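Look at the structure first, then read the notes grouped below it.

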Amino acid sequence: RVAYVNGAYSAHGEAVVHIEDRGFQFADGVYEVWSVFDGRLADFEDHMTRLHRSLSEVKIDIPMSAAALGVVLRETIRRNRVRDGLVYLQVTRGTASRDHAFPADTAPSVIVTAKRLDLAKGQAMAAKGAAGVTRPDIRWGRCDIKTVGLLPNVLAKQAARERGAYECLMYDEMGLITEGSSTNAWIVDEDGRLRTRDTQANILRGVTREAILKLIAAEGIELDERPFSVEEAKRAREVFVTAASSFVMPLVSLDGVKIGDGKPGPIATRLREVYLDQAR
Ligand code: PDD
């Protein structure tokens with residue numbers, strides 16, 4: 001495998017950044033993840049737009065043009081011979097002697113990695129449906145920024161894994177689900193309404209979420225963009241999550257409570273199908 005680090009490609013096992021990179025010391029950086037189908041980047045522009053927004057919100061300079069970044073992403077995909085998979089881009093504020101305040105005259109660090117994804121495995125999991133758990137959302141007030149400060153998300157995902165589950169849905173102090181540890185959360189409620197939390201709240205505006213919004217309109221499915229509680233999710237007909245890394249993944253249980261009949265529902269199944277069709 002090969003990784004891109006600050007202008008050069010090197011063997012994945014030998015690719016390094018400095019110990020005083022601010023990404024390492026302060027989680028002072030942002031990232032994006034694209035899915036790759038047949039060697040092509042899905043939703044290239046939308047992820048790039050969100051990257052620029054994240055950079056601007058944390059006041060990190062844009063390291064290179066979107067076109068140049070696109071070349072680096074595609075070259076990393078090519079060098080890793082990724083047909084179907086994921087490409088990861090991280091931009092940090094750069095390397096400087098440790099001081100909380102921004103360093104003067106430091107160039108951002110840029111790293112890119114790519115990995116293969118077994119689409120058949122994901123497809124098999126989606127056909128069966130996955131398990132979910134819930135935990136309080138203990139994150140900060142700017143979850144709209146895609147920062148590398150992901151410790152609460154890591155702890156949430158680990159809580160899921162320790163219970164044999166795929167994803168952890170996090171909930172706010174009102175008991176309303178915010179999002180998954182690395183996904184956006186959706187339900188088809190007991191009245192058959194498709195619901196997902198609005199992005200005015202403190203969550204990430206998922207690129208996959210946005211793509212699904214467009215598909216829903218085309219499918220003639222109505223959306224109720226309104227938060228839902230853990231209890232509503234457990235009583236829902238369907239629960240599913242969306243992300244560049246999962247596409248659309250049905251959850252068939254939450255904290256051990258069976259969702260609907262315990263099988264992936266028709267809406268999640270249909271949305272996964274149409275999402276993959278248009279992305280591929
Ligand atoms: N995660 N919410 C959170 C907290 C996320 O980390 C992600 C993506 C999403 C979905 O966003 P998108 O549809 O743009 O992938 C929602 C990526 C895949 C990750 O951290 O690996």
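Just after α6, Gly-220 takes a positive phi of about 75°. The model is predicted: local features need pLDDT of at least 70, side-chain atom pairs count only at pLDDT 80 or more, and totals for chains, interfaces and linings use all residues. Residues are numbered from 1 along each chain as its sequence is written.

**Helix α6**

- Helices (H or I, at least four residues) and strands (E, at least two) are DSSP runs, numbered from the N terminus.
- Helix α6 covers residues 207-219, which makes 13 residues.
- From first C-alpha to last, α6 reaches 18 Å, close to the 18 Å expected at 1.5 Å a residue; the expected span is 1.5 Å times one less than the number of residues.
- The buried residues of α6 are Val-207, Thr-208, Arg-209, Ala-211 and Ile-212; buried means that 20 or more other C-beta atoms, placed from the backbone, lie within 10 Å of the residue's own.
- These buried residues pack against several elements, among them α2 (44-57), β13 (238-243) and α8 (266-279).

**Ligand shell**

- The shell around the ligand has 15 residues, and the closest are Gly-206, Val-207, Thr-208, Ala-243 and Ala-244; a residue is near if its C-beta atom, placed from the backbone, lies within 6 Å.
- Two or more residues of this shell come from each of α6 and β13.
- α6 gives the most, with three residues.
- By class, the shell divides into five nonpolar, eight polar and two charged residues; Ala, Val, Leu, Ile, Met, Phe, Trp, Tyr, Cys and Pro count as nonpolar, Asp, Glu, Lys and Arg as charged, and the others, Gly among them, as polar.

**Whole chain**

- The protein chain has eight helices and 15 strands.
- Its radius of gyration is 19 Å, close to the 19 Å that the globule rule gives for 280 residues, so the chain is as compact as a globular protein of that length; the radius is taken over C-alpha atoms, and the rule is 2.2 Å times the number of residues to the power 0.38.
- Of the 280 residues, 39% count as buried.

**Two domains**

- The assignment, which is automatic or from a database, gives domain 1 (2-117) and domain 2 (122-279).
- The contact between them takes 21 residues from domain 1 and 13 residues from domain 2; two residues are in contact if their C-beta atoms, placed from the backbone, lie within 7 Å.
- On the side of domain 1 that touches domain 2, β3 (29-37), α2 and β5 (85-92) each supply at least two residues.
- β3 gives the most to that side, with eight residues.

Terms used: Buried ≥ 20, exposed ≤ 12 C-beta atoms within 10 Å, placed from the backbone.
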